Amino acid sequence: MSSGTILLLGVTGGVGEAVATAVLARGYQLIVTCRSEAQREKLRATGRYQHVVLLDLGSNASIDSAFAELAQLGVDRLDALINCAARLHGTPLEFVSEREVQELFQANVFGTLRAAQLAIPLLRKTRGRIILVGSLAGSFVMPMTGAYSASKFALEGIVDALRRELYPWGITTSLIKPGAIDTRMFQDHLRDVTREREALQGEQQLAYAPLYRAHERSIPKTKALAVPTHKVARDVMRALTDSKPAARYFPGADSKLTGFMVHVTPDAALDWFSKKVFPLK
């Protein structure tokens, strides 16, 4: 059994729930966050958590308020910050809106960085750890995931910078890089993609309907090969407990293989693969 206090962002998602279970099983005190009062009451009712705090990565004001609440609760040190929260959106870059890009980057990049900045003084007291759940989309871009992948590429830079800047205080930073994860996000994403395809008109409909249909067909196939949440949680726990945590962890065989292949495969071959899987004509 372990001791210490962990702050977990994104507990209401499939990965977050699995991570919470694994962290509690090791005896840590766990503080969790959620985005709504209804979610907070539900989480409090479980009696599992030390504190439940409202925090929305889509709002820096919400993040600042959450850490102010932690200070009021007397939380002045953390042994780890674990962030499982993220937003997903799939739209061709030609007509992705500025608002959609801003929302993705606010949650996946700016909000994630802001939470880390506020946690660092608390982690410095314990030589703690920062563990962020990213995605293979931060290494490999497929059609319709351009904005999402861009946010995950940005997260790669943040993780590397934090790891290289915080080592004097013994703070480690690890990135978990799963491929597809078996969560309800797939069904939500399929619904969103279908709705967008049906809304296409004129030249957009002629140009991109085949891509949307190919993407819709790929989602169930990808879900069938997706890694279960407990495997992602297992690598989060490795990053939390390894004496020398790795910079990156790749849950599942598909993640390890894809991560390796992306780095050794020429761009032209990856482009050819994309055209075969997601044809535009």
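How many residues of strand β6 are buried? Strand β6 (residues 172-176) is mostly covered, with four of its five residues buried; buried means under 20% relative accessible area, exposed over 50%, and partly exposed in between (1.4 Å probe, protein chains only).

## Basis of the model

The model is predicted: local features need pLDDT of at least 70 and side-chain atom pairs count only at pLDDT 80 or more, while totals for chains, interfaces and linings use all residues. Residues are numbered from 1 along each chain as its sequence is written, and side-chain values use heavy atoms, with hydrogens and water left out.

## The sheet

Seven strands form an open sheet in the order β3-β2-β1-β4-β5-β6-β7, and the pairing is parallel. The edge strands are β3 (51-54) and β7, each of which pairs on one side only. Strands (E, at least two residues) and helices (H or I, at least four) are DSSP runs numbered from the N terminus, and two strands pair if DSSP finds at least two bridges between them.

## Strand β6 and its neighbours

Strand β5 (residues 129-133) pairs with β6 in the parallel sense over five bridges. In this pairing, Arg129 stands opposite Thr172 in β6. From β5 the chain passes through helix α5 (residues 146-166) to β6, a β-α-β crossover that is right-handed; that is, with the strands pointing away from the viewer, the path from the first strand over the helix to the second runs clockwise.

Strand β6 also pairs with strand β7 (residues 248-249), in the parallel sense and over two bridges. Here Leu175 stands opposite Arg248 in β7. As for β5, four bridges join it to strand β4 (residues 80-83), and the two run parallel. Ile82 stands opposite Ile131 in β5.

## Residues in the loops

Two residues have a positive phi although they are not glycine: Arg127, at about 55°, and Met144, at about 75°. Most residues other than glycine have a negative phi. Arg127 is placed in the loop between α4 (98-124) and β5, and it counts as exposed at 56% relative accessibility. Met144 is found in the loop between β5 and α5; with a relative accessible area of 4%, Met144 is buried.

Gln50 lies in the loop between α2 and β3 and is partly exposed, with a relative accessible area of 34%. The C-alpha atoms of Gln50 and Thr5 are separated by 8.9 Å, although these residues are 45 apart along the chain.

## Cysteines

A disulfide is a pair of cysteine sulfur atoms within 2.5 Å, and by this rule the count comes to zero. The sulfur of Cys34 is 14 Å from the closest cysteine sulfur, in Cys84, and this is too far for a bond. Cys84 is likewise in no disulfide, the nearest cysteine sulfur being that of Cys34. Cys34 is buried, with a relative accessible area of 3%, and Cys84 counts as buried at 14% relative accessibility.

## Cavity and pocket

Rolling a probe the size of a water molecule over the atoms shows where empty space is left. On a 1 Å grid over the protein atoms alone, a cavity is a set of points where a 1.4 Å probe fits but cannot get out; a pocket is an open set with protein on both sides within 12 Å along at least five of seven lines, and lining residues have an atom within 4 Å of a point. Grid points are joined across faces, edges and corners, and a volume is the space filled by probe spheres set on the points.

A search of the whole structure finds one cavity of 30 Å³ or more. The largest cavity has a volume of about 50 Å³, and its lining includes Asn83, Ala107, Leu132 and Lys152. The elements giving two or more residues to this lining are α4, β5 and α5; α4 gives the most, with three residues. By class, the lining of the largest cavity has six nonpolar, three polar and one charged residues (Ala, Val, Leu, Ile, Met, Phe, Trp, Tyr, Cys and Pro count as nonpolar, Asp, Glu, Lys and Arg as charged, and the others, Gly among them, as polar).

The second largest pocket has a volume of about 200 Å³. Among the residues that line this pocket are Val11, Glu17, Gln39, Arg48 and Tyr49. Helix α2 (residues 37-46) supplies the largest share of the lining, four residues. By class, the lining of the second largest pocket has three nonpolar, three polar and three charged residues.
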